[in-house]
Amino acid sequence: MPRVKDLDQTDLSNSKTILTCEIGKLFLRQNFLERRIDGLKLLSDVSYTCGRILEGGSSAQILTEKQIESEERKNKMVDQVVEMICKDGEVLNEIFTKQRTHG
Amino acid sequence: MQRAEKILNFLMTKEALSDEDRELIWNASEINDGDMQVELFKVLSGGAQNMKKVDRVYFLERVGQVKPEDMIGRHIELITEICTTMRGANMSEEVVLKGLEMLWTIVMRSENKCSLLIVNRAALGYSDILSRMSIIQTIEQAEKLAETMSTKKMGYVIVKILSRVLKSSFRPPTGHPEIENASDMVDHLEQRYNLLQLVIEEFQSYMGRVRAEISTGREDLKGDL
């Protein structure tokens, strides 16, 4: 486990996004509608952040090696988020199934 | 449901939706809950720009399975958005032609039990899609419209579509060597299909239908004369 002081801005930002995604999923499993709505908000924020990263990836500017490496780590994090959201169809089930949405 | 929009857009951008996921989403649109249905269609239409071909084909096919009498404006909107939000390398002729065919069927089959509102919306959607197509494809479709008019079927809707297409799709430069503007296209249709005569005949036929309706007591249509 790396120490926080050894992490750079990209690592910190990635960890924050992953953690937010985990908390969002956890909230989404709760039996209280308000908590589930909070979970959905967190996952929505995570999706927005990841969407921005994907948009940024198409930039035509020339990147330094360090920037390329940082972009790769961000893209890996985005793939990890996709995996977390899609795992077992749990998140989409929570959103698109009536008894949970209106519970 | 609106909070789900960003999640859905993100997953579609990453091409991460499975067949089961798409089915789950579509089934939610069929739950008999007005608000949820409206919101879901808003989310789907809003997210159409992020859909990959597989998502577009899937949702088009599902809308195609809706019974004509159950068709709502949101279905038409979804078909139109799916076909008009493709850009560059993501452009799929298969998707566009499928969407056009679906809207054409809604417009042309007056026996299909769709309401007039839906037919009019489908006509608007049809011309919106055409305005995003290449000039060659648009000319082909305009010819198809003129040809259909000569069959005297749904003439008033065809006139509506054709006039919108002529206004929006033939602004110079068109990139076509012979048809450089809307006027050239009108000349082309006039030469080939006798367009003006067809429009006049359709107008006369329309007025005849209005008179017949008025004689059966539809006083509100007098303004149309």
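Q: Start with chain B. How many helices and strands does it have?
A: Chain B has 11 helices and 0 strands. Read from the N terminus, its elements run α-α-α-α-α-α-α-α-α-α-α.

Q: What box do its C-alpha atoms fill?
A: Along the principal axes, the C-alpha atoms of chain B fill a box of roughly 55 × 50 × 25 Å.

Q: And what share of chain B is buried?
A: Of its 225 residues, 33% count as buried.

Q: What about contacts between residues at least 6 apart in sequence?
A: In chain B, 62% of those contacts join residues at least 24 apart.

Q: Which domains is chain B divided into?
A: Domain 1 covers 1–133 and domain 2 covers 135–225. Taken over C-alpha atoms, 27 Å separate their centres.

Q: How many residues does each domain put into the contact?
A: Domain 1 of chain B gives 10 residues and domain 2 of chain B gives 12 residues.

Q: Which elements on the domain 1 side give two or more residues?
A: Helix 6 (93–108) and helix 7 of chain B do. Helix 7 gives the most to that side, with 5 residues.

Q: What classes of residue are on that side?
A: The side of domain 1 that touches domain 2 has 7 nonpolar, 3 polar and no charged residues.

Q: On to the core. How many residues does the largest nonpolar core have?
A: The largest nonpolar core has 70 residues. Ile106(B), Ala122(B) and Tyr126(B) have the most contacts inside it.

Q: Which helix gives the largest share?
A: Helix 7 of chain B, residues 116–130, with 7 residues of this core.

Q: Where does this core lie relative to domain 1 and domain 2 of chain B?
A: Between them, because both domain 1 and domain 2 of chain B give residues to this core.

Q: Take Ala122(B). What does it touch?
A: Leaving out residues up to four places away in sequence, Ala122(B) touches Ile76(B), Leu103(B), Ile106(B) and Val107(B).

Q: Switching topic: backbone. Which peptide bond is cis?
A: The one from Pro172(B) to Pro173(B), with omega near -5 degrees. Most peptide bonds are trans.

Q: Where is Pro173(B)?
A: Pro173(B) is in the loop between helix 9 (155–169) and helix 10 (182–193) of chain B.

Q: What is phi at Glu15(B)?
A: Near 55 degrees, a positive value in a residue other than glycine. Most residues other than glycine have a negative phi. Glu15(B) lies in the loop between helix 1 and helix 2 of chain B.

Q: What about phi at Asn194(B)?
A: Phi of Asn194(B) is near 60 degrees, also positive in a residue other than glycine. With 15 C-beta neighbours inside 10 Å, Asn194(B) counts as partly exposed.

Q: What span should helix 10 of chain B have, and how far apart are its ends?
A: Its 12 residues should span 16 Å at 1.5 Å a residue. The end C-alpha atoms are 16 Å apart, so the two agree.

Q: Now the two chains together. How many residues are in contact?
A: 17 residues of chain B are in contact with 18 residues of chain A. On the chain B side, helix 1 (4–13) and helix 2 (19–29) each supply at least two residues. Helix 1 of chain B gives the most, with 7 residues.

Q: What classes are on that chain B side?
A: The residues divide into 9 nonpolar, 2 polar and 6 charged.

Q: Chain A, quickly. How many helices and strands?
A: Chain A has 5 helices and 0 strands. Of its 103 residues, 25% count as buried.

Q: What is the mean pLDDT of chain A?
A: The mean is 86, and 86% of the residues of chain A reach 70 or more.

Q: Which elements of chain A have the lowest and the highest mean pLDDT?
A: Helix 5 of chain A (residues 98–101) has the lowest, 55. Helix 1 of chain A (residues 9–28) has the highest, 94. Where pLDDT is low, the predicted coordinates should not be read in detail.

Methods:
Residues numbered from 1 in each chain as written. Chains lettered and ligands numbered in written order. Predicted model: local features only at pLDDT ≥ 70, side-chain atom pairs only at ≥ 80, totals over all residues. Helix = DSSP H or I, 4+ residues; strand = E, 2+ residues; numbered from the N terminus. Buried ≥ 20, exposed ≤ 12 C-beta atoms within 10 Å, placed from the backbone. Contact = placed C-beta atoms within 7 Å. Nonpolar A, V, L, I, M, F, W, Y, C, P; charged D, E, K, R; others polar. pLDDT = per-residue confidence, 0-100. Core = buried A, V, L, I, M, F, W, Y, C linked by C-beta atoms within 7 Å. Domains from an automatic or database assignment. Expected span 1.5 Å × (residues − 1).
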